[in-house]
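This briefing concerns the open spaces in a protein model and the residues that line them. Please view the structure below before reading the points that follow.

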Amino acid sequence: MINMDVFHGFLDAIKHLPEAAQPAPLSDAQRLTRAKAVMRAKIDRGLALDLEACVNCGYCSEACHFYQGTQDPKYSPSRKLDLLRRVHARESSAFAPLIRLFTSDITVEDLNEWQELVYDSCTECGRCSMICPMGVNTARGVNVMREALYEAGLAPLELQAVAQEQAGRGTVFGVGPNELRQTLDQLRAQGVVIPLDEPRADVMLVTTVIDVLLYQDALLATARILNHLGVNWTLRSAGFEAANFGLLSGSEALQKAASQRLIDEALAIGARTVILPECGHAYPALRWDASLPGGQPLPFEVMAISEYLGREIKDGRLKLKPAPALAPGEAGRKITYHDACKLARHGGVMTEPRDALKALGMELVETTPTAEKNWCCGGGAGTFLINRAGDLRHKAWEIKREQIDATGADTVVVSCASCRLNFMAGAEADQWPTKIESVVEMVAQQLPT
Ligand code: SF4
Ligand code: SF4
């Protein structure tokens with residue numbers, strides 16, 4: 001059961017995040033120099049091709065929830081890369097000396113304008129790239145812009161505050177090892193074994209501040225399933241936080257440091273598998289972006305919990321009891337699944353969550369479009385924490401809501417805590433009656449006794 005007081009407390013805490021930020025005291029010239037240095041360093045062959053390949057056809061706008069929700073041309077995906085494109089054209093393209101003669105350099109005012117375009121109005125969902133005839137990877141360019149703005153001290157204050165907390169104290173929203181222990185003690189009181197800091201384990205479970213504070217049932221459900229499977233597993237208090245505010249804010253150094261904590265703990269206990277919680281961005285951060293020194297691949301598999309559940313069910317190790325029998329005349333549950341962009345489009349995790357949901361014995365219906373073409377809910381990549389982005393985010397969410405309503409499902413099931421937060425906020429604002437549930441919790445409800 002979700003504690004709505006905690007949910008509202010979390011929303012209130014977000015309102016006060018800007019007060020906790022410690023903005024870098026940089027001059028405009030320093031900001032510009034720093035931002036351009038990042039842009040120059042990050043414009044490699046692939047990004048240069050993306051920047052030069054755009055033919056301004058505008059198809060990508062049709063794919064972007066922020067453009068669709070507002071019809072404002074400033075939110076066109078191709079425009080979000082204009083600043084990067086200008087720096088490339090003037091400084092690293094084949095005709096740079098010539099182009100410099102008739103184009104102006106970017107300014108700090110441009111950087112300030114682009115803060116909204118690459119943080120508030122882009123969840124780096126990647127949907128525009130699926131539509132683009134030239135295959136332009138807008139999400140990657142936007143991520144480079146976030147890195148440039150972060151270095152210039154121009155990330156939104158909310159993201160600066162949490163990134164600074166994670167880089168400094170190692171906590172996120174004040175949740176560190178002590179807070180984790182307190183939550184685990186409460187959950188253990190329900191009779192569930194939850195190992196912490198075991199010196200050796202085959203599986204290391206990672207959780208996240210949102211589950212520790214709000215979606216505790218997801219953590220409890222994961223523990224019950226792992227225990228049911230007889231897995232040798234543990235959480236580690238020195239490396240339990242999946243949320244990576246380096247990735248979200250644009251701090252590459254923090255992204256690496258946050259991933260390294262998890263890697264160090266997994267190596268220390270000899271884990272063969274690291275299971276990530278229902279957290280979209282945690283998946284690319286550890287599964288795709290992290291590596292050992294020298295770029296060597298991680299010596300353990302990294303799986304999202306929904307991916308792990310689907311695999312265990314498909315391979316026959318996890319069997320679920322059937323859904324409760326219906327009373328005469330009672331309609332069965334009709335559920336639909338919302339793919340988190342970072343898991344599905346970026347990560348390829350699409351069949352496994354569906355395998356898990358199909359095993360529940362309920363009717364699973366799909367939105368149109370779905371899976372890798374699924375529309376983003378509008379709350380990912382840290383946008384949920386940006387206060388001024390509330391209206392924009394809600395407009396994006398309305399598209400999602402209409403698609404779910406069209407399925408006739410009574411429940412939307414998610415596998416990302418950020419999506420879940422955004423759905424809950426949207427549902428509360430619109431008094432939307434559809435139930436919002438999580439894959440891992442639904443699976444745990446049908447574990448055989
Ligand atoms: S769809 Fe591709 S080529 Fe067309 S405007 Fe968008 S980024 Fe440029
Ligand atoms: S990555 Fe997603 S949010 Fe960003 S511009 Fe493309 S479609 Fe829009």
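In this predicted model, helix α16 gives 4 residues to the lining of the second largest pocket, the largest share of that lining. This pocket holds about 400 Å³ of space. Residues of its lining come from both domain 2 (164–314) and domain 3 (334–445), so the second largest pocket lies between these domains.

**Lining of the second largest pocket**

- The lining of the second largest pocket consists of 15 residues, and those nearest its centre are Met 1, Ile 2, Asp 217, Arg 420 and Glu 441.
- Two or more lining residues are given by each of α16 (216–229), α23 (417–430), β8 (435–438) and α24 (439–445).
- By class, this lining has 8 nonpolar residues, 6 charged residues and 1 polar residue.

**The largest pocket**

- The space in the largest pocket amounts to about 640 Å³.
- The elements that each give two or more residues to its lining are α12 (138–151), α17 (245–249), α18 (252–268) and α19 (282–288).
- In total, 30 residues line the largest pocket, and Asn 143, Leu 247, Gln 255, Pro 284 and Asp 289 lie nearest its centre.
- The lining of the largest pocket divides into 10 nonpolar, 10 polar and 10 charged residues.

**How such spaces are found**

- Empty space left among the atoms is shown by rolling over them a probe the size of a water molecule.

Definitions and conventions: Residues are numbered from 1 along each chain as its sequence is written. Chains are lettered from A and ligands numbered from 1 in the order in which they are written. This is a predicted model: local features need pLDDT of at least 70, side-chain atom pairs count only at pLDDT 80 or more; totals for chains, interfaces and linings use all residues. Side-chain values use heavy atoms; hydrogens and water are left out. On a 1 Å grid over the protein atoms alone, a cavity is a set of points where a 1.4 Å probe fits but cannot get out, and a pocket is an open set with protein on both sides within 12 Å along at least five of seven lines; lining residues have an atom within 4 Å of a point. Grid points are joined across faces, edges and corners, and a volume is the space filled by probe spheres set on the points. Ala, Val, Leu, Ile, Met, Phe, Trp, Tyr, Cys and Pro count as nonpolar, Asp, Glu, Lys and Arg as charged, and the others, Gly among them, as polar. Domain bounds come from an automatic or database domain assignment.
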